[in-house]
Amino acid sequence: MSTDRIVGQPVPRLEGRDKVTGQARYVDDIELPGMLFGATVRSRVPRGKITKITFGAEVDWREFVIVSAKDIPGKNCIALIDDDEPCLAEGMVNHPEEPILLLAHPDRRLLPHAVEALSVEYEPLPAIFSIEESEQQSQIIWGTDNVFKSYLIEKGDVDAVWEKAAYIVEGEYRTGAQEQLYIENNGMIAAFDPQQGVTVWGSMQCPYYVHKSLVKLCNLPPERVRVVQTETGGAFGGKEDYPSMIAGHAALLAMKSGRPVKIIYDRMEDMAATTKRHPSRTRHRTAVSKDGKILGGEIEFTIDGGAYETLSPVVLSRGAIHAGGAYYWPNIRIRAKAVATNTPPQGAFRGFGAPQSLFALERHMDRIAQVVQLSPVEIRRRNLLKPGETTTTGQSVSEAIDLRKLLDRALRLSDYAAKKERFARENRGGNRKKGIGIASFLHGAGFTGSGERYLSSVVGVEGRTDGSVRVLVSSTEFGQGTNTVLCQIVAEALQLRYEDVGIAQPDTQEVPNSGPTVASRTVMVVGKLVQSAALGIRQTLEASGSLGATYSPEEFRAAVRVYVAKNGKLQSLARYEQPEDVVWDDQKYRGSAYAAFAWAVYVAEVTVDLTTCSVSVDDFVALQEVGRVLHPILATGQIVGGIAQGIGFALYEKVIWDKGRMQNGQMTNYIIPTSADLAPIRVYFEELGNVHGAYGAKGIGELPMDGPAPAVINAVEDALGVPFDSIPLLPEDIFDAVTRKAGRESISSVAEDGR
Amino acid sequence: MNESPQNRAECDIPFQVNGKLVAVRVYPMERLLDVLREELGLTGTKEGCGEGECGSCAVLMDGALVNSCLIPVLQAKGAKITTIEGLARGEQLHALQQAFLDCGGAQCGICTPGMILAAYHLLSTKPQPSLEDIREGLSGNLCRCTGYEQIVEAVAKVGRRGSGG
Amino acid sequence: MRARPADYELVAPGTLSAVLSLLAQEPGEWLPIAGGTDVMVQYSAGTLPARKLVSIWSLPELRQIEVTPSEVRVGAGCTFADLRQHEIVGREFALLAKAAGWTGGIANQNRGTLGGNIINGSPAADSLPALLVYEAELVLVSVKGERRVPYGDFHTDYRKTQLAPDELVRSVCLSRRFSEYYAHARKVGARNAQAISKVCLAALGRLADGVVDDVRLAMGSVAPVPLRLRETERTVKGRRIEPELIQVASRAAAAEIRPIDDIRSTARYRTAVAGNLVAEFLERLSVAGPAQK
């Protein structure tokens, strides 16, 4: 590993120059000749039957292309796991902002006016908006019982632990919806040609997801649907499935009009209509021994999926599997379900269920600590997994990870002990209370269970006429460094220079399906395949006699040029094969859920100013074991960025709902941290390697999303002596809790009493 | 026909962009952002929010950092506008652009043009800013990818060298 | 972007007198737009009622700061950046300079104007409480001439002012008698920058022999208009600052304001925080020497 020249080095971001010069072309920067602009007419009620559509007289509708569900050549659905989400509402709407009609016109500025001029009348039906209302089942809005999916994970014999327990600790924890807020709004351009079929270009994470859904929607054979990813300005999961919807819309307008159509959402539309993180409710009931060891527990994990199933089963799966976190549970029962409400369907957001269930767990660990009268550190020390022990799904920890050592190091780096003691002392007077909190956790990389086997990803590496080498994957760059790291891997594997390697723009006509760019799988899983495919190129050249056992980059390039000139093509493909030691039982939901876990301990230090009840995060230590750091700057950037989102999740980002519609869909009113709100975040890595990942890497994209919220809220409780079990935690919530505790309306006397 | 009922007139609006004189014939209430992107093809300036909150549309107008989504183009008449495309000298990147590359200041890149111009503006008023100055100076530019750390580092790097602005 | 530029007219006559003539000829027809940081947000959202706009951006007559021995006259067209950069404003009217630095980010401070902030009339505007405690006077101008009005009466209701349809604000006049006061301001928003205030306080105080000789308190976001807290001031004037007095003043402030629940915060929270901000100010005033800011 120490001889690696490129992997592990901070090589320049492959497409960085274009980004800093403004040359990078995002979908709204692209224009096609004869292009029309598209817009969407959306439901204004949460649930109802469409009774009448009136086209206002102030608009000349003859100039418009108008598409309704009737125009759909194939099946009216956005094909994903199941086909339950309509592309366009047909008679019924089930959530506010549900798409009903599409309009296109050459004048972009006329469209909002036209959308307003179109009125839809409904016969409203009773609608439901919360997990509890959904569970009541007084209104069935999906399937037979409003439940999209449920899982049961069992280990050992939970029912037998209660009588042995010295303590039984219960808690209920909630997380709210969170908007991904990529700074580039969703957008697509579609074109249709009767011979070539449909082509779409746009902002997305998963070209082949879009491809699959367009094939079904447009009733075209796969070879007559082409999907191209344009430079994408942030995604975070928010562009995992929604792009299929907007691509479908653009494609339908393009098919009907015969002209290219561009649809770009503005911020208000994007926030109100597209997916968000699933709100969650987790209930814990834990049996604990006298010396603070978890004997077993029941966890009920419920997420709100919105009006259609979309990705909810997978979010649920990951959330459920992570619900037991980094601890040893000898016995456990996890009941997980995803339920329907009349809100826009929720979707993927970095972490994908794990930030929700891990928030609950890490808060619950602090609660257990209090009941058992141990410190938050000690309760973790006594329960963290050890090599050889099994997770909640029965997966054995098969690497030499020492979580107690990781914990100790994080505590040292954050000066935890001294600060905890000092804060407790200094909090006795004054209006500013300080606290420090911990979260210890894990994140499984790659698709869950048999997911990677099912994806059966394929990658390619090819030699080009100029002697350079090119990576062929459908994995997309959206800031996290896909382009750079995959090229590093190839350059390293082939002993070339970084500059000798490029990567094709993800275009379903040009690249194989390497699976979606999600689940922290790109570097680890796809990267390993790319490494393999690269070696395949070398083998081909060696076999042809044009390359020796050792060679210079120039010699390699020459060999490629010669081979391509002679044979026309030099390409090597590699397909995913499930490692033999990663065995998963889909029926029982047991076994090795992930090929690798990354492990982390985060420590947050906060100040709560009781004048305003605002929380500031003053110091943040993020320590994680990630297998191998392939690019120190990119890896650090991922951790810091994820932590910023996690702090937002905890303290700032509240979606305000009114009858299923987001009310604060502007950047003024949906609050994410600015540069003036975040203290420096200190990032540290450890590297244990990973046989299942390229050059030993584990996936890290989502890991940093799991720890910040519980670490911060644990710190707030440490500061105030008041528990908070629901996020986002706003100053207003802190105020309400603190004054309720004091039985008073004002805070100043609380400050004097101390904690 | 869907013509505007009052038949408002377009007008000629001359101004300078990146040192070049341009003249557009547009409605006076077109946003400067849209004129730059659609009339002049300078797509480096981005729209992130349309409310003057995210800073992705930031340009320099007569040396001052402004959000171009909030400026009616008529008010840019006679002004000197600098967009991200005007920062590099041919192949030679501006020190800030290079620093963003070196430090990881750009991830998805969509906030980057506005962010670099905000940094450029900051360094023109405070050539050697403290970390706090940098965080304040950039607080009108939202980034969702980086958590700001590596952006602040990039700006500080240029500031320390004293060769910014 | 939900507005159709073709539906709007924007003219820029270029001088104050030309603008005033237009407003006199067609009163109520033309919406003045200065930096546009409020108007253009509404425009972009498709919610701007006006269709005819007249630009008053950077009119030389409005974008000046005149200093006389007794007064500083801030042109209504001065931007928040202009205020932050002006030495005397920074020294003698620190609350205004501070508020200017709180308004949006740098880019919006380079365009937002003091006059625009006043006429927009949002009770959440950061600089208005400062103008209240400085007891600013406004010079309003029309083709008929100028009139001078106390700022304290200018806001009549939520987003409504005394401005006549043919008038503009020409300048904001600040009397130069506050250098010896202790000045304190605090804004409470959802984050440290680019936040609309949930509550904000501008305060001036002066002690003589340990007794409160003069005190001025004004708050934003706690009523339909920016609010001068005269009742609360009365509980404090002439008294010594002691813990009991602070509690009385704090409760008086909580009672004097009329906050609401809205998308940003709750009435309950605002009420409590308002009381806390007043308490915080009085605590600091009590230990401050003369002329400390």
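This dialogue covers the interface of chain C with chain B and the cavities of a predicted model.

Local features here need pLDDT of at least 70 and side-chain atom pairs count only at pLDDT 80 or more, while totals for chains, interfaces and linings use all residues. Residues are numbered from 1 along each chain as its sequence is written, chains are lettered from A in the order in which they are written, and side-chain values use heavy atoms, without hydrogens and water.

Q: How many residues of chain C are in contact with chain B?
A: Contact means heavy atoms within 4.5 Å. Here 34 residues of chain C touch 33 residues of chain B.

Q: What is the area buried between chain C and chain B?
A: Buried area is the accessible area (1.4 Å probe) that two parts lose on being put together, summed over both. For this pair the value is about 2,700 Å², with 57% from carbon and sulfur atoms. In chain C, Leu10(C), Met40(C) and Gln194(C) lose the most, together 21% of what that side buries.

Q: How many salt bridges are there between chain C and chain B?
A: A salt bridge is a side-chain nitrogen of Lys or Arg within 4 Å of a carboxyl oxygen of Asp or Glu. The count is 2. Glu136(B) forms one with Arg84(C), the closest N and O atoms being 3.2 Å apart.

Q: Which residues lie nearest the centre of the largest cavity?
A: On a 1 Å grid over the protein atoms alone, a cavity is a set of points where a 1.4 Å probe fits but cannot get out; lining residues have an atom within 4 Å of a point. Glu85(A), Tyr242(A), Met245(A), Thr275(A) and Pro345(A) lie nearest the centre, in a lining of 14 residues.

Terms used: On a 1 Å grid over the protein atoms alone, a cavity is a set of points where a 1.4 Å probe fits but cannot get out, and a pocket is an open set with protein on both sides within 12 Å along at least five of seven lines; lining residues have an atom within 4 Å of a point.
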